[in-house]
Amino acid sequence: MHTSTTSTVPLEPWTAEQLQQATQGQWYQQNIPQGEIKRILTDSRHAEAGDVFLALQGERFDAHNFVAQVAIQGCQIAIVERPIDADIAQLIVKDTRLALGHLGAYRRQQNSQLKVIALTGSSGKTTTKEMLGSILSRLAPTLITRGNLNNDLGVPMMLLELRSEHQFAVMELGASHQCEIDYTSHLVQPHVAGILNIGTAHLGEFGGREGICRAKSEIYAHILSQGTAIVPADDDFSTVIRENAQSHSILSFGDGGDVFATDVELHPQSAKFNLHTPQGMRTVDLPFAGVHNVQNATAATAFALAIGIALDDIIHGLEQAQGAKGRLNFIQHSNHLFIDDTYNANPTSMRAAAEVLAQQAGIKVMIIGDIGELGDTAAQQHYLLGRDLVSLQGIHFVVAVGEFSPATQEGARSTQYGKKLQAFLNQEQALSFLFSLVETHQPQHMSFLFKGSRYTHMETLMADLMEKI
């Protein structure tokens, strides 16, 4: 199981007693290790002296098979569900996945000075998290969810990185099944928690947006007393979300909310707007493109206000914020603009990205990979996407790549703009078409935007095209 756990900062050490206390496990044959333990990890490749190897078990893998190997690498402690024939101290627990959760929760409880924000939503989580990180890290040491460590394994992994100097933590919580957020928000114990929106990501697992709303709303169950619930004011599910959050004081964001934007000016790579809050109004120059990022900024403001951050500090943080890798990054390359939005995709974020591309200069080309986790609605969602993308004024070409590209093309052909979209089953075919587009339009400036679900690796296609031109 290879979850990225690389932290660049030394972690706070554990003792054998703390491990046992947190997990309620038993030391096999009373073999209790002595001395400081530097970190707990689940990736056998990196286990070395001073580490604890926690052996996870999944449907298709069992890390208990690597315990003997980590012992050879010098690792002296393993957390396991059954004794292993290896020269290594073993803490035996009922379930290693739950033990990881207990360890994360233990570390969280040790840091009583910490102010914790937890956020979820179908789109915008990463950008809102980065904006909050920019606001809070200027003020004090802040732990921020790295990459996509936002599930039942990733969240406790992040909590293990808490150190006594941390004053803030911004935890992103994802949901791929019911009760997952109930579990992770219980570990995190947030002071402030909220939902950004209810979109169509993971439709397959939840059987519809109502199911997604139920799953995301689990985040409100574990807000600490005197804490605040953040809710979107202008979401289709705002009323239901507000009901789910009603046992806490509520701060809302978006049109009609407590925190909202007016006089929005959208520029190709930025936005300017007036930010209205219960603390007053300010003008913000946001270094992010697209109206969806203005919405993310109002959400970040609501979260920050709810943990007592001054409005001036919030504005400063928003104006200094930087996007995460693969989230609308603008790259100039040989007279053309490449927009790397390849980190992930859902139907809502695809449409938002298209709006940003429409604002750029020159010949505008959107290259999209398949969207995953849509279940039975996948073909229909891709059809609707094809219909909407080609109808957007200002976009000249849409190139769809992957298994669902024919459905996307069908949607495009249901409009008068069907010829704008080309469908390809693989990246090789798409690459030669894109290269011919560049050749045909020489010497005109072109703007390309690449986006798709993580597993489609659209960044590879982008890099290949950049290399060719």
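Tutor: Happy to, and let's begin with Thr23, which counts as buried because its relative accessibility is 7%, below the 20% cut-off for that class. Keep in mind as you browse that this is a predicted model. Thr23 lies in helix H1, which covers residues 16–23.

The side chain of Thr23 has two backbone partners to look at. One is the backbone oxygen of Leu19, reached at 2.8 Å. The other is the backbone nitrogen of Gly25, which lies 3.2 Å from a polar atom of the Thr23 side chain. Setting aside residues up to four places away in sequence, Thr23 touches Leu91, Val93, Ala99, His102 and Leu103.

Before we move on, a word on confidence. The average pLDDT of the protein is 94, and 97% of the residues score at least 70. Residues 1–5 are another matter: pLDDT stays under 50 there, although the model has 15 contacts for them beyond four places in sequence. Where pLDDT is low, the predicted coordinates should not be read in detail.

For the overall layout, the protein is divided into domain 1 (16–93), domain 2 (111–320) and domain 3 (329–468). Taken over C-alpha atoms, the centres of domain 1 and domain 2 are 35 Å apart. UniProt, in an unreviewed entry, lists residues 326–439 as "domain: Mur ligase C-terminal". That span is 42% helix and 23% strand, and its end C-alpha atoms lie 26 Å apart.

Next, have a look at His64, placed in the loop between strand E3 (51–54) and helix H2 (67–72). His64 counts as buried, because its relative accessibility is 3%. The His64 side chain makes a polar contact with the side chain of Asp62 at 2.7 Å. The side chain of His64 also reaches the backbone nitrogen of Glu81, at 2.8 Å. Beyond four places in sequence, the residues touched by His64 are Ala55, Leu56, Gln57, Val80, Glu81, Arg82 and Ile84.

Now let's turn to the annotated site. The unreviewed UniProt entry gives a "binding site" that covers Gly121, Ser122, Ser123, Gly124, Lys125, Thr126 and Thr127. From this stretch, pick Ser123, which lies in the loop between strand E6 (115–120) and helix H4 (125–137). With a relative accessible area of 14%, Ser123 is buried. Its contacts, leaving out residues up to four places away, are with Leu196, Asn197, Asn346, Thr348 and Ser349.

Lys125 is placed in helix H4. Lys125 is buried too, with a relative accessible area of 13%. A detail to zoom in on is its side chain, which reaches the backbone oxygen of Gly121 at 2.7 Å. Apart from residues within four places in sequence, Lys125 touches Leu119, Thr120, Asn150, Glu172, Leu173 and Leu196.

Thr128 is also in helix H4, and Thr128 counts as buried because its relative accessible area is 0%. Among its contacts beyond four places in sequence are Leu119 and Leu196, together with Asn296, Ala299 and Ala300. Ala299 is 171 residues from Thr128 along the chain, yet 7.1 Å separate the two C-alpha atoms.

Finally, let's check the cysteines. A disulfide is a covalent bond between the sulfur atoms of two cysteines. The count of disulfides in this model comes to zero. Cys179 shows one reason: its sulfur is 15 Å from the closest cysteine sulfur, that of Cys213, which is too far for a bond. Cys179 is partly exposed, at 49% relative accessible area, whereas Cys75 is buried, at 2%.

Definitions and conventions:
Residues are numbered from 1 along each chain as its sequence is written. This is a predicted model: local features need pLDDT of at least 70, side-chain atom pairs count only at pLDDT 80 or more; totals for chains, interfaces and linings use all residues. Side-chain values use heavy atoms; hydrogens and water are left out. UniProt positions are given in the numbering used here, feature names are shortened, and annotations may be inferred rather than shown by experiment. Helices (H or I, at least four residues) and strands (E, at least two) are DSSP runs, numbered from the N terminus. Buried means under 20% relative accessible area, exposed over 50%, partly exposed in between (1.4 Å probe, protein chains only). Contact means heavy atoms within 4.5 Å. A polar contact is a pair of N or O atoms within 3.5 Å; within protein, one must be able to donate a hydrogen and the other to accept it, and residues adjacent in sequence count only if both atoms are side-chain atoms. Domain bounds come from an automatic or database domain assignment. A disulfide is a pair of cysteine sulfur atoms within 2.5 Å. pLDDT is the predictor's confidence in each residue, from 0 to 100.
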